[in-house]
Amino acid sequence: MGLPQRQPGWCLLLLMVALVWPQPCVSLELIPYTPQITAWDLEGKVTATTFSLEQPHCVLDGHASAADTVWLVVAFSNAAKHFQNPKTLAEIPASPQLLTDGYYMTLPLSLDRLPCEHLGGSRGIHVLRVGNDPGCLADLHQPAYCNAPLPSPGPYRVKFLVMDARGSPQAETRWSDPIALHQGKASGSIDTWPGRRSGDMIVITSILSALASFLLLAFLVASTMRFSSLWWPKEAPEQLRIGSLMGKRYMTHHILPSEAATLPVDCEPSLDPLPSLNP
(Lines give C-alpha, C1' and ligand atoms only; values in the text may rest on other atoms or scores of the structure.)
Protein backbone atom coordinates (compact mmCIF):
# COMPACT_ATOMS: atom_id res chain seq x y z
CA MET A 1 0.00 0.00 0.00
CA GLY A 2 1.20 3.43 -0.87
CA LEU A 3 0.95 6.46 1.24
CA PRO A 4 -2.32 8.31 0.96
CA GLN A 5 -2.11 11.56 -1.09
CA ARG A 6 -2.66 14.67 0.98
CA GLN A 7 -5.68 16.73 -0.25
CA PRO A 8 -5.36 20.52 -0.31
CA GLY A 9 -6.72 21.97 2.83
CA TRP A 10 -9.73 24.23 3.05
CA CYS A 11 -7.59 27.08 4.32
CA LEU A 12 -5.43 27.08 1.19
CA LEU A 13 -8.50 27.03 -1.04
CA LEU A 14 -10.08 29.97 0.74
CA LEU A 15 -6.83 31.91 0.48
CA MET A 16 -6.65 31.40 -3.27
CA VAL A 17 -10.28 32.45 -3.68
CA ALA A 18 -9.63 35.61 -1.66
CA LEU A 19 -6.69 36.52 -3.84
CA VAL A 20 -8.51 35.93 -7.12
CA TRP A 21 -11.87 37.40 -6.13
CA PRO A 22 -12.19 41.04 -7.40
CA GLN A 23 -12.13 43.63 -4.70
CA PRO A 24 -15.25 45.81 -4.52
CA CYS A 25 -14.81 49.34 -5.90
CA VAL A 26 -14.84 52.13 -3.39
CA SER A 27 -17.64 54.47 -4.48
CA LEU A 28 -17.32 58.22 -4.25
CA GLU A 29 -19.33 60.28 -1.87
CA LEU A 30 -22.42 61.53 -3.66
CA ILE A 31 -23.28 65.15 -2.93
CA PRO A 32 -27.06 65.65 -3.03
CA TYR A 33 -26.97 68.52 -5.49
CA THR A 34 -27.95 68.85 -9.17
CA PRO A 35 -26.27 71.62 -11.22
CA GLN A 36 -28.65 73.89 -13.07
CA ILE A 37 -28.85 77.10 -15.09
CA THR A 38 -28.66 80.17 -12.88
CA ALA A 39 -31.93 81.63 -11.68
CA TRP A 40 -30.54 85.18 -11.84
CA ASP A 41 -32.30 87.47 -14.30
CA LEU A 42 -29.36 87.83 -16.67
CA GLU A 43 -29.20 88.51 -20.38
CA GLY A 44 -27.59 85.71 -22.34
CA LYS A 45 -27.82 82.99 -19.71
CA VAL A 46 -27.88 80.56 -22.61
CA THR A 47 -26.38 81.49 -25.96
CA ALA A 48 -25.23 79.61 -29.05
CA THR A 49 -21.84 78.77 -27.47
CA THR A 50 -22.19 79.33 -23.71
CA PHE A 51 -24.44 78.74 -20.72
CA SER A 52 -24.31 80.05 -17.15
CA LEU A 53 -24.63 77.75 -14.16
CA GLU A 54 -25.46 78.77 -10.64
CA GLN A 55 -22.52 78.38 -8.30
CA PRO A 56 -22.62 75.40 -5.94
CA HIS A 57 -23.60 77.68 -3.09
CA CYS A 58 -23.04 76.09 0.33
CA VAL A 59 -23.34 72.56 -1.04
CA LEU A 60 -19.65 71.61 -0.97
CA ASP A 61 -18.96 72.53 2.64
CA GLY A 62 -18.28 69.33 4.55
CA HIS A 63 -17.47 67.44 1.34
CA ALA A 64 -14.27 69.26 0.31
CA SER A 65 -11.27 70.64 2.15
CA ALA A 66 -9.24 73.77 1.51
CA ALA A 67 -6.62 71.74 -0.40
CA ASP A 68 -9.17 70.12 -2.72
CA THR A 69 -10.09 71.37 -6.19
CA VAL A 70 -13.63 71.52 -7.55
CA TRP A 71 -13.84 70.61 -11.24
CA LEU A 72 -16.71 70.96 -13.65
CA VAL A 73 -17.28 67.98 -15.94
CA VAL A 74 -18.97 68.86 -19.24
CA ALA A 75 -20.26 66.09 -21.47
CA PHE A 76 -22.66 65.53 -24.31
CA SER A 77 -25.92 64.22 -22.93
CA ASN A 78 -25.49 60.83 -24.60
CA ALA A 79 -21.83 60.51 -23.53
CA ALA A 80 -22.23 61.34 -19.83
CA LYS A 81 -22.83 57.70 -18.91
CA HIS A 82 -19.47 56.73 -20.44
CA PHE A 83 -17.45 59.22 -18.40
CA GLN A 84 -14.98 57.67 -15.96
CA ASN A 85 -13.64 59.79 -13.13
CA PRO A 86 -9.88 60.27 -13.56
CA LYS A 87 -7.56 58.73 -10.98
CA THR A 88 -4.69 61.20 -11.43
CA LEU A 89 -4.16 64.75 -12.64
CA ALA A 90 -2.65 63.43 -15.88
CA GLU A 91 -5.91 61.66 -16.76
CA ILE A 92 -8.04 64.83 -16.61
CA PRO A 93 -9.58 65.29 -20.09
CA ALA A 94 -9.01 68.70 -21.70
CA SER A 95 -11.48 70.67 -23.84
CA PRO A 96 -10.34 69.29 -27.27
CA GLN A 97 -11.43 65.84 -26.12
CA LEU A 98 -15.06 66.94 -26.24
CA LEU A 99 -15.13 66.30 -30.00
CA THR A 100 -13.42 62.91 -29.69
CA ASP A 101 -14.52 61.44 -26.36
CA GLY A 102 -17.66 63.50 -25.78
CA TYR A 103 -16.60 65.04 -22.45
CA TYR A 104 -13.94 67.22 -20.78
CA MET A 105 -13.19 68.96 -17.48
CA THR A 106 -12.76 72.69 -16.92
CA LEU A 107 -13.12 75.59 -14.46
CA PRO A 108 -10.95 74.27 -11.59
CA LEU A 109 -11.81 76.21 -8.43
CA SER A 110 -10.73 76.11 -4.84
CA LEU A 111 -13.28 76.03 -2.07
CA ASP A 112 -12.55 79.61 -0.98
CA ARG A 113 -13.73 80.83 -4.39
CA LEU A 114 -17.15 79.38 -3.63
CA PRO A 115 -18.00 80.86 -0.24
CA CYS A 116 -21.04 79.78 1.68
CA GLU A 117 -21.87 83.21 3.08
CA HIS A 118 -24.16 85.62 1.29
CA LEU A 119 -22.63 86.86 -1.95
CA GLY A 120 -22.24 90.57 -1.39
CA GLY A 121 -18.61 91.20 -2.23
CA SER A 122 -16.49 90.89 -5.33
CA ARG A 123 -14.72 87.67 -4.30
CA GLY A 124 -17.74 85.43 -4.63
CA ILE A 125 -18.55 83.94 -8.02
CA HIS A 126 -22.19 84.48 -8.84
CA VAL A 127 -22.30 82.29 -11.95
CA LEU A 128 -20.06 79.80 -13.70
CA ARG A 129 -20.12 80.58 -17.40
CA VAL A 130 -19.24 77.54 -19.48
CA GLY A 131 -17.58 78.26 -22.85
CA ASN A 132 -16.66 81.84 -21.99
CA ASP A 133 -13.05 81.87 -23.25
CA PRO A 134 -12.97 82.53 -27.03
CA GLY A 135 -9.19 83.00 -26.86
CA CYS A 136 -8.85 79.23 -26.68
CA LEU A 137 -9.67 78.99 -30.38
CA ALA A 138 -6.93 81.43 -31.42
CA ASP A 139 -4.19 80.39 -28.99
CA LEU A 140 -2.22 77.41 -30.27
CA HIS A 141 -0.69 76.97 -26.83
CA GLN A 142 -4.00 77.02 -25.03
CA PRO A 143 -4.15 76.02 -21.36
CA ALA A 144 -4.71 72.37 -20.63
CA TYR A 145 -8.15 72.99 -19.12
CA CYS A 146 -9.32 75.83 -21.34
CA ASN A 147 -12.93 76.96 -21.09
CA ALA A 148 -13.45 77.05 -24.85
CA PRO A 149 -16.76 77.97 -26.54
CA LEU A 150 -19.01 74.98 -27.02
CA PRO A 151 -18.96 73.72 -30.61
CA SER A 152 -22.58 72.63 -31.06
CA PRO A 153 -26.06 73.11 -29.58
CA GLY A 154 -25.70 69.94 -27.55
CA PRO A 155 -27.56 69.02 -25.42
CA TYR A 156 -25.01 68.88 -22.58
CA ARG A 157 -24.95 67.57 -19.04
CA VAL A 158 -22.59 68.73 -16.26
CA LYS A 159 -21.55 67.67 -12.77
CA PHE A 160 -19.08 68.87 -10.12
CA LEU A 161 -16.19 66.61 -9.14
CA VAL A 162 -14.04 67.18 -6.03
CA MET A 163 -10.41 65.99 -6.33
CA ASP A 164 -7.56 66.21 -3.85
CA ALA A 165 -4.08 67.56 -4.52
CA ARG A 166 -2.90 64.21 -5.97
CA GLY A 167 -5.82 64.06 -8.41
CA SER A 168 -7.79 61.42 -6.58
CA PRO A 169 -11.60 61.87 -6.70
CA GLN A 170 -13.23 62.55 -3.36
CA ALA A 171 -16.86 63.45 -4.04
CA GLU A 172 -19.21 64.28 -6.90
CA THR A 173 -22.65 65.75 -7.53
CA ARG A 174 -25.43 64.35 -9.64
CA TRP A 175 -25.52 65.01 -13.38
CA SER A 176 -27.62 67.97 -14.47
CA ASP A 177 -30.62 67.80 -16.72
CA PRO A 178 -29.86 68.17 -20.45
CA ILE A 179 -28.94 71.75 -21.39
CA ALA A 180 -29.56 72.76 -25.01
CA LEU A 181 -27.96 75.87 -26.47
CA HIS A 182 -29.68 78.34 -28.76
CA GLN A 183 -29.43 77.49 -32.42
CA GLY A 184 -29.53 80.08 -35.20
CA LYS A 185 -31.77 79.69 -38.22
CA ALA A 186 -30.56 79.49 -41.77
CA SER A 187 -31.40 82.57 -43.82
CA GLY A 188 -33.27 80.46 -46.36
CA SER A 189 -35.61 79.09 -43.68
CA ILE A 190 -36.89 82.53 -42.59
CA ASP A 191 -40.38 83.22 -43.97
CA THR A 192 -40.59 86.75 -45.37
CA TRP A 193 -44.09 86.50 -46.91
CA PRO A 194 -46.18 89.33 -45.39
CA GLY A 195 -49.39 87.34 -45.71
CA ARG A 196 -48.24 85.02 -42.94
CA ARG A 197 -47.83 87.79 -40.38
CA SER A 198 -50.02 87.86 -37.31
CA GLY A 199 -52.93 90.23 -36.89
CA ASP A 200 -51.17 92.27 -34.20
CA MET A 201 -48.19 92.84 -36.47
CA ILE A 202 -50.45 94.01 -39.30
CA VAL A 203 -52.23 96.48 -37.00
CA ILE A 204 -48.94 97.86 -35.67
CA THR A 205 -47.58 98.22 -39.20
CA SER A 206 -50.71 100.08 -40.33
CA ILE A 207 -50.55 102.50 -37.38
CA LEU A 208 -46.90 103.25 -38.00
CA SER A 209 -47.53 103.83 -41.71
CA ALA A 210 -50.39 106.24 -40.97
CA LEU A 211 -48.29 108.10 -38.41
CA ALA A 212 -45.45 108.45 -40.90
CA SER A 213 -47.84 109.84 -43.52
CA PHE A 214 -49.27 112.36 -41.03
CA LEU A 215 -45.79 113.57 -40.06
CA LEU A 216 -44.85 113.97 -43.72
CA LEU A 217 -48.00 115.98 -44.41
CA ALA A 218 -47.37 118.23 -41.39
CA PHE A 219 -43.82 118.84 -42.59
CA LEU A 220 -45.02 119.85 -46.07
CA VAL A 221 -47.62 122.26 -44.64
CA ALA A 222 -45.07 123.87 -42.32
CA SER A 223 -42.58 124.23 -45.17
CA THR A 224 -45.21 125.82 -47.40
CA MET A 225 -46.15 128.42 -44.79
CA ARG A 226 -42.50 129.17 -44.02
CA PHE A 227 -41.41 129.78 -47.60
CA SER A 228 -44.64 131.17 -49.03
CA SER A 229 -43.15 134.71 -49.01
CA LEU A 230 -40.59 133.59 -51.55
CA TRP A 231 -43.22 132.29 -53.90
CA TRP A 232 -45.91 135.04 -53.48
CA PRO A 233 -44.27 138.43 -52.56
CA LYS A 234 -46.40 140.95 -50.70
CA GLU A 235 -47.56 144.26 -52.26
CA ALA A 236 -45.27 147.29 -51.88
CA PRO A 237 -46.08 149.44 -48.85
CA GLU A 238 -47.55 152.89 -49.10
CA GLN A 239 -44.26 154.52 -48.21
CA LEU A 240 -41.21 153.32 -50.11
CA ARG A 241 -37.75 153.47 -48.61
CA ILE A 242 -35.24 154.80 -51.18
CA GLY A 243 -31.77 155.10 -49.77
CA SER A 244 -32.06 157.35 -46.74
CA LEU A 245 -35.04 159.36 -48.11
CA MET A 246 -38.67 158.70 -47.53
CA GLY A 247 -41.19 159.62 -50.17
CA LYS A 248 -44.88 159.27 -50.79
CA ARG A 249 -46.53 157.95 -53.84
CA TYR A 250 -47.46 160.90 -56.06
CA MET A 251 -50.61 160.78 -58.20
CA THR A 252 -50.34 163.00 -61.27
CA HIS A 253 -53.29 165.20 -62.33
CA HIS A 254 -54.02 168.04 -64.73
CA ILE A 255 -53.52 171.66 -63.65
CA LEU A 256 -55.72 174.30 -65.17
CA PRO A 257 -54.03 177.36 -66.74
CA SER A 258 -55.58 179.71 -64.21
CA GLU A 259 -54.07 177.73 -61.37
CA ALA A 260 -50.66 177.55 -63.02
CA ALA A 261 -50.53 181.36 -63.26
CA THR A 262 -50.93 181.72 -59.53
CA LEU A 263 -47.93 179.44 -58.70
CA PRO A 264 -44.82 181.10 -57.23
CA VAL A 265 -42.05 182.00 -59.57
CA ASP A 266 -39.58 179.49 -58.14
CA CYS A 267 -42.05 176.62 -58.20
CA GLU A 268 -42.54 174.73 -61.38
CA PRO A 269 -45.31 172.28 -61.91
CA SER A 270 -44.35 168.70 -62.35
CA LEU A 271 -46.15 168.65 -65.70
CA ASP A 272 -46.26 171.14 -68.56
CA PRO A 273 -49.54 173.08 -68.72
CA LEU A 274 -51.98 172.17 -71.35
CA PRO A 275 -51.89 174.37 -74.45
CA SER A 276 -54.45 177.15 -74.45
CA LEU A 277 -57.44 176.87 -76.71
CA ASN A 278 -57.81 180.67 -77.12
CA PRO A 279 -56.48 182.16 -80.37
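**View 1. Val73 stands opposite Lys159 in E6.** Val73 and Lys159 face each other where strand E3 (residues 69-76) and strand E6 (residues 156-163) run antiparallel and are joined by eight bridges. The model is predicted, with local features needing pLDDT of at least 70 and side-chain atom pairs counting only at pLDDT 80 or more, while totals for chains, interfaces and linings use all residues. Residues are numbered from 1 along each chain as its sequence is written, and side-chain values use heavy atoms, with hydrogens and water left out. Strands (E, at least two residues) and helices (H or I, at least four residues) are DSSP runs numbered from the N terminus, and two strands pair if DSSP finds at least two bridges between them.

**View 2. An open sheet is formed by five strands with mixed pairing.** The strands follow the order E1-E7-E6-E3-E4, and at the edges lie strand E1 (29-31) and strand E4 (103-110), each of which pairs on one side only. On average, neighbouring strands of this sheet are turned by 30 degrees against each other, direction ignored; the axes are lines fitted to C-alpha atoms, and angles run from 0 to 180 degrees between N-to-C directions. Strands of a sheet pair through backbone hydrogen bonds, either parallel or antiparallel.

**View 3. Strand E6 also pairs with strand E7 (residues 169-173).** These two strands run antiparallel and are joined by three bridges, and Val162 stands opposite Ala171 in E7. Five residues lie between the strands of this hairpin, in which Gly167 takes a positive phi near 90 degrees. Is E6 mostly covered or uncovered? Seven of its eight residues are buried, where buried means under 20% relative accessible area, exposed over 50%, and partly exposed in between (1.4 Å probe, protein chains only). Of the 279 residues of the chain, 25% count as buried.

**View 4. Leu211, Phe214 and Leu215 form a nonpolar patch on the surface.** Together these residues have about 330 Å² of accessible area, a value from the Shrake-Rupley method with a 1.4 Å probe, in which only the protein chains shown count as cover for residues. Patches are made of residues with over 30% relative accessible area and no salt bridge, with nonpolar side chains (Val, Leu, Ile, Met, Phe, Trp, Tyr) joined within 5 Å and like charges within 9 Å; a salt bridge is a side-chain nitrogen of Lys or Arg within 4 Å of a carboxyl oxygen of Asp or Glu. Leu211, which lies in helix H3 (residues 199-226), counts as partly exposed because its relative accessibility is 46%.
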